[in-house]
Amino acid sequence: MKNILVTGGAGFIGSNFINYILDTRDDYFIVNLDKLTYAGNLENLKPSEGKKNYQFVKGDITNNEFVNYIFEKFNIKYVINFAAESHVDRSILGSEIFYRSNVIGTNVLLETSRRFEIEKFFQISTDEVYGSLGSTGLFTETTPLSPNSPYSSSKAAADMMVMAFYHTYGMPVVITRCSNNYGPYQFPEKLIPLMIINSLNGKKLPVYGDGMNVRDWIYVIDHNKAVELVFEKGRVGEVYNVGASNEMPNLQIIKLILKKLGKSEDLIEFVKDRPGHDRRYAIDSSKIQNELGWKPGFIFEEAIEYTVDWYLKNKSWWERIISGEYQKYYYDLYQNRK
Ligand code: NAD
Ligand code: TYD
């Protein structure tokens, strides 16, 4: 049994990871440490709740003493760090919490991991650390880091720190840098869920700038299968890019969603561009494909269809987010029992 600390497991990708892992294997014991910020939602983890190899703990990765206590209590030997403030627009409105959680938080995890001599430290990073591409070219693992937003700069700082712990202390680290994810349980501030929900509510769809910014979309389960593979087989000290070679301008995705929902394109509203808006992200994932045999399993057209259907079928999930009720769920689940 591997005792793994998964941080940020109540967020979009982390919760999908935990649900997927606990559904498919029984050799991991997962401790999910999450602060339950606005983005953390324990309702995402209903499929895993009550499983014997799963434990949720509410806590902040920047809290040194508490993190130490968790390592000791659960005999943690592995860390997968998903926890982060993750929304670019919020980082533009206020950057401090991004540097606190994403940089200081990662430092606390690294220092604690060093004291406990853990067997692997896995940093979940993003392609946004590479900055912005022109109309051609792809990000490879050797592309220089050139982040443009407070969010991406905090993630780049964390990546550099992780590599410094590898070089200086010989810590067994791995990093993945993935492109934009989509799928169930994504918080409705990000492009795809926001556009689905606004369309359903007959609200305007705010398109930044000319709508021609390009993102490279990957279904969340494909990302998490890559995480599992890198966790098991990735070489320490290495970075692996993860992407499904599925570039698309924002406007194209928005029109696709409107079409699928039978809504009018009149809902589209061009708004002021995001400051410092990266033009294009596109990933070269040949390293993980050639070295570890990973490849994306989902076709965009099918997985986006499934995703839209998921939001249609799980209206109460996002309505409870919009009303704020989802934040009471933790208390119903844990506090009221005490
Ligand atoms: P998310 O915002 O949905 O979830 C983040 C989770 O981290 C939340 O549950 C939140 O409560 C928790 N958290 C935040 N600060 C914390 C702290 N100080 N202590 C403990 N928990 C804390 O994010 P996501 O989209 O699931 O992204 C997860 C990770 O993947 C992030 O590190 C992000 O940078 C990276 N990533 C995301 C994408 C994407 O498309 N969403 C792509 C590539 C990489
Ligand atoms: P987002 O989902 O915030 O991810 P990221 O900025 O991390 O790539 O945004 C994806 C793209 O969609 C990005 O180019 C910004 C754009 N966007 C809009 O045009 N309107 C919106 O309301 C949002 C949230 C994003």
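This is a predicted model: local features need pLDDT of at least 70, side-chain atom pairs count only at pLDDT 80 or more; totals for chains, interfaces and linings use all residues.
## Helices H2 and H4

Let's start with H2, which covers residues 64-74, and H4, which covers residues 96-115. Their axes sit 10 Å apart and the two helices pack at an angle of about 40 degrees. The crossing itself is right-handed.

Who does the touching? On the H2 side, the contact is made by Asn64, Val67, Asn68 and Phe71. H4 answers with Val108, Leu109, Thr112, Ser113 and Arg115.

## Helices H6 and H10

The other pair to look at is H6 (residues 191-200) with H10 (residues 300-313). Here the axes come within 10 Å, and the crossing angle is roughly 50 degrees. H6 and H10 are therefore oblique to each other, and H6 passes H10 in a right-handed crossing.

From H6, the residues in contact are Ile192, Pro193, Ile196, Ile197 and Leu200. From H10, they are Ile304, Val308, Tyr311 and Leu312. The class count for this contact is 9 nonpolar residues, with no polar and no charged ones.

## Around ligand 1

Ligand 1 has 28 residues around it. Ile13, Asp34, Ser86, Tyr151 and Lys155 come nearest.

Two of them go to nitrogen atoms of the ligand: a polar side-chain atom of Asp60 lies 2.9 Å from a nitrogen of ligand 1, and a polar side-chain atom of Ser101 lies 3.0 Å from a nitrogen of ligand 1. With Leu36 the backbone is involved, as one of its N or O atoms lies 3.5 Å from an oxygen atom of ligand 1.

## Around ligand 2

Which residues are closest to ligand 2? Of the 18 that surround ligand 2, they are Glu128, Pro206, Arg215, Arg274 and His277.

For Glu128, a side-chain N or O atom is 2.5 Å from an oxygen atom of ligand 2. Arg215 places a polar side-chain atom 2.7 Å from an oxygen of ligand 2, and an N or O atom in the side chain of His277 is likewise 2.7 Å from an oxygen of ligand 2.

Note on methods:
Residues are numbered from 1 along each chain as its sequence is written. Chains are lettered from A and ligands numbered from 1 in the order in which they are written. Side-chain values use heavy atoms; hydrogens and water are left out. Axes are lines fitted to C-alpha atoms, for helices over the stretch in contact, and angles run from 0 to 180 degrees between N-to-C directions. Helices (H or I, at least four residues) and strands (E, at least two) are DSSP runs, numbered from the N terminus. A crossing is left-handed if the near helix is turned anticlockwise from the far one by less than a right angle, and right-handed if clockwise. Contact means heavy atoms within 4.5 Å. A residue is near a molecule or strand if one of its heavy atoms lies within 4 Å of it. A polar contact is a pair of N or O atoms within 3.5 Å; within protein, one must be able to donate a hydrogen and the other to accept it, and residues adjacent in sequence count only if both atoms are side-chain atoms. Angles under 35 degrees count as roughly parallel, over 145 as roughly antiparallel, 65 to 115 as roughly perpendicular and the rest as oblique. Ala, Val, Leu, Ile, Met, Phe, Trp, Tyr, Cys and Pro count as nonpolar, Asp, Glu, Lys and Arg as charged, and the others, Gly among them, as polar.
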